[in-house]
Amino acid sequence: MAIIDSPAIKERSTVNMIMFTVILGLLPALFLQIGFFGYQILGNLFFGIGFALFLEAVCLKLRNYPIRPFILDGSAFVTAWLLIISVPANIPIWTLLIGIFFSIVVAKHAYGGIGSNPFNPAMIGYAVLLISFPKIMTNWPISDGFEIRNFIQFSQFFSIANINEAYDAIVSATPLDQIKTSLFLGKEVNALPISLSTLSSYQMIAILYFLGGIFLVYKKVITWHLPLSLILSIYIFSGLLHLYDQNTYMSPLFHLLNGATFLAAFFIITDPVSSPTTLKGKIIFGILIGLITVIIRNYGGYPDGIAFAVIFMNICVPLIEKFTQPKVFGYE
Amino acid sequence: MEITDKIFKFFGGIKPNGHKAISTINPIKRLPIPKKLIIPVRQHVGKVPNIKVSVGDKVLKGQILAEPIANISAATHSSSSGTVIAIESNKIPHPSGLPDLCITIETDGKDEWIKRNRIDPSNLSSEALYETMKSSGIVGLGGATFPTHIKLNSNKIKTLIVNAAECEPYITCDDMAMQEKTKEFIEGIQITMDFLKIPHAIIGIEDNKPKAIEKLKTVLNKSKNITIKVVPTVYPSGDEKRLIYLMLGLKISKEKRPVDFGIQVFNVATLISIGRFFYHSEPVISRIVTVTGALKRPNNYEALIGTPIQELIKDAGGKSDQEIIMGGPMMGFKLPHTDVSVTKAMNCLLAITDEMKSKDTFEMPCIRCTKCVEVCPAQLQPQELYWHAKSKQFEKLTEDYKLFDCIECGCCSYVCPSNIPLVQYYRYAKSEIRDQLKSSEVADIARERNEFRLYRLEREKKERAERNAQRRAQTSDSDKKKLIEEKKAAIAEAMKRIEEKEK
């Protein structure tokens, strides 16, 4: 006899449907990335996600949870994916796997698994890698342009040997990093070594993250509050600095298109588990992450500070929620 | 309160598939009089009425079987003519599955009415009207079954709202009733307005009932004192406080009642029975029931109170072993027994569909997605309620998160991607809190009693000590000597008596 609790009907929505939509939103950017940089990213995804699911299964087994429904919820899949696209594609596979370990085992399961982790698991993995392997984490491959050839070679990614080929690829720091170093050395914005007029490959990928994010808002997987408040916050705070001194501070548009701004706005800070539940809280959360990011980018030791800003603000979530509880119907 | 054409859309709500068309194809149907009617004595909120018949009595249609003994109570009538063959505990349609006292009538098929006198409300004083209403058996037929005469006994009402929203999926009994019993419906509204001495009423109806809206608009063509407000189809627009907001833009919390704002809300079926009672002298002996769901011929039935539900299900093409929900799919409950009879609260019998049976019930952890917040019409934080209910932090639930403002509409459970039975958690927390409150009340009384007893013992002790001291102080030394000598003499006398006996 079926157990019927009221309500007897239910909308068709499950956790894995949400996760699947998130992946759909990330796919266009992946396509562009392969075109620009080749198949390494696919190898990273294959081995990285495989390892994440393996660790997830082991943790579930150790914690006496049913493996099937929890593996299929898609959360470990998405966490691994987000970490992999946040690190340089030419990262040595063992380094990546260390990051995955910290994301899944330490940040997620040690804190109680899905729904209980106070920190964004992908960002914990990222921060561990950035602190432990700064050289690897700041050397990004350079693109010769979008090439169809990259897709044809894609069958090679199953060979680990080929993945290590990435070591020989030409690498460079990201524009954020380069500019930071140059400005630190006393150069002025108009004398910088990079072209600011044409879109770089990374900027084009960032635009696809933006479009993928709009898709998530349209699909109602996320609301506009978090992304908009982060984007506006970065724009306004970097814009204020730019207005103050155009020779030392980059334009707000540069800050939006470089680094992980759009990826974070739509895919990272929107992780429901580690972000506030109240609408006002979401706006405060986004604004403060933006502010901290702008501060780290301009004055801190790392080129991009979003990961640290997210982790810091994760700690503040219970406090933010406490002070932003909305009024109940009839009590306004 | 000023009434405008504006609709005030409330926050949240959901738009599930209505499934209403399947039961509105054919007109409301009446079945032949059942051989047996099993009528529960109490079918309302309040005191059990006093049974006025005994086994073996002949009863007529509309005759009072049990009459109200207190204000919050209602009469129960015989739905047809026949003989009382049993007054005993029987299964009733209640989520607990517990039996209750029922009167079983073997019908004679004559359907003979008791002598009826037309009641003219305009000739009666308001007290007389109130007493008349008390004997009508009319209760809130939307499902709440609160005795209606209480709601009419107020001179503070300024606005009458007619709840014709019928927002639950599948249910169509009010829709069909408005189409087929338009006259009685309008009559019921008019009488209620006279009762409450108010000039205006608003009908709130969802836009998924175009035929009923059309019919009402034609009938109400010239009438300026009854307004129709068509609201978008969003569940739960038929919730009393949500409907008041839709109509008037007034938000009322759990701490206040609509009456405090001069508002009274009546359901369609209730108003129709008021109309029938005054214009046709007919107490509540039948009601319209939507019989729908996984059945061959879903339909609406005008069923006599006490009709075994299996007769309705069989006529609608169902099987006797089908699982049945009483009420709608959102707030209804599965009947623990399906061999029960129609009661005043029964607006819908919903045969459970395959879709409902295949509902995924594996409960995942909450991922804080706040889909529930987006749909909660009470603007609560369902995820906070869930966490605090689960960790039994009851004080926070009532103080900070207003658990008792939850109307258990089920919107949160409906959208939850983790399949958490949220409403069940809230019901559990509510009953725990009520129990705690009750036991703390009992404990308070016991403590007060004990404290008083200790105080009394202490006081008595003090009083006794005081009395003794007083006595001691009053007796002088010579008196004491005299007393001692008297006692000595008494002892000597007693000793002498003993000696004599021994000889």
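Predicted model: local features only at pLDDT ≥ 70, side-chain atom pairs only at ≥ 80, totals over all residues.
Residues are numbered from 1 along each chain as its sequence is written, chains are lettered from A and ligands numbered from 1 in the order in which they are written, and side-chain values use heavy atoms, with hydrogens and water left out.

Okay, rings. Across all chains, the structure holds 22 aromatic pairs. To pair, rings of Phe, Tyr and Trp (its six-membered ring) need centres within 6.5 Å; planes under 30 degrees apart are stacked, over 60 edge-to-face, and the rest tilted. Take A:Trp94 and A:Phe133, an edge-to-face pair at 5.6 Å centre to centre, with 85 degrees between the planes. That pair links distant parts of the chain, 39 residues apart: A:Trp94 is in helix 5 (residues 93–108) of chain A, and A:Phe133 is in the loop between helix 6 (121–132) and helix 7 (134–138). Helices here are DSSP runs (H or I, at least four residues), strands likewise (E, at least two), numbered from the N terminus.

Then we have A:Phe101 and A:Phe102: their centres are 5.8 Å apart and their planes at 85 degrees, so this pair is edge-to-face. There's also a cluster, with ring pairs linking A:Phe36, A:Phe37 and A:Tyr202.

Now, the surface. A:Trp224, A:Leu228, A:Leu232, A:Tyr235, A:Ile236, A:Leu240 and A:Leu243 make a nonpolar surface patch of about 730 Å². Patch residues have over 30% relative accessible area and no salt bridge; like charges are joined within 9 Å, nonpolar side chains (Val, Leu, Ile, Met, Phe, Trp, Tyr) within 5 Å. A salt bridge, by the way, is a side-chain nitrogen of Lys or Arg within 4 Å of a carboxyl oxygen of Asp or Glu. Look at A:Leu232, in helix 12 (residues 225–244) of chain A; its relative accessible area is 42%, so it's partly exposed. Buried means under 20%, exposed over 50%, and partly exposed in between (1.4 Å probe, protein chains only).

Over on chain B, which residues gather in a patch of positive charge? They're B:Lys461, B:Arg464, B:Arg467, B:Arg471, B:Arg472 and B:Lys480. Helix 14 (residues 422–474) of chain B gives the most, with 5 residues. B:Arg472 sits in that helix, and at 56% relative accessibility B:Arg472 counts as exposed.

Last one: is B:Thr290 buried or exposed? Buried, with a relative accessible area of 0%, and it lies in strand 12 (residues 286–293) of chain B.

Methods
Areas by Shrake-Rupley, 256 points an atom, 1.4 Å probe, with all protein chains shown as cover. Lys, Arg positive; Asp, Glu negative; His and termini not counted. Charge placed at Lys NZ, Arg CZ, Asp CG, Glu CD.
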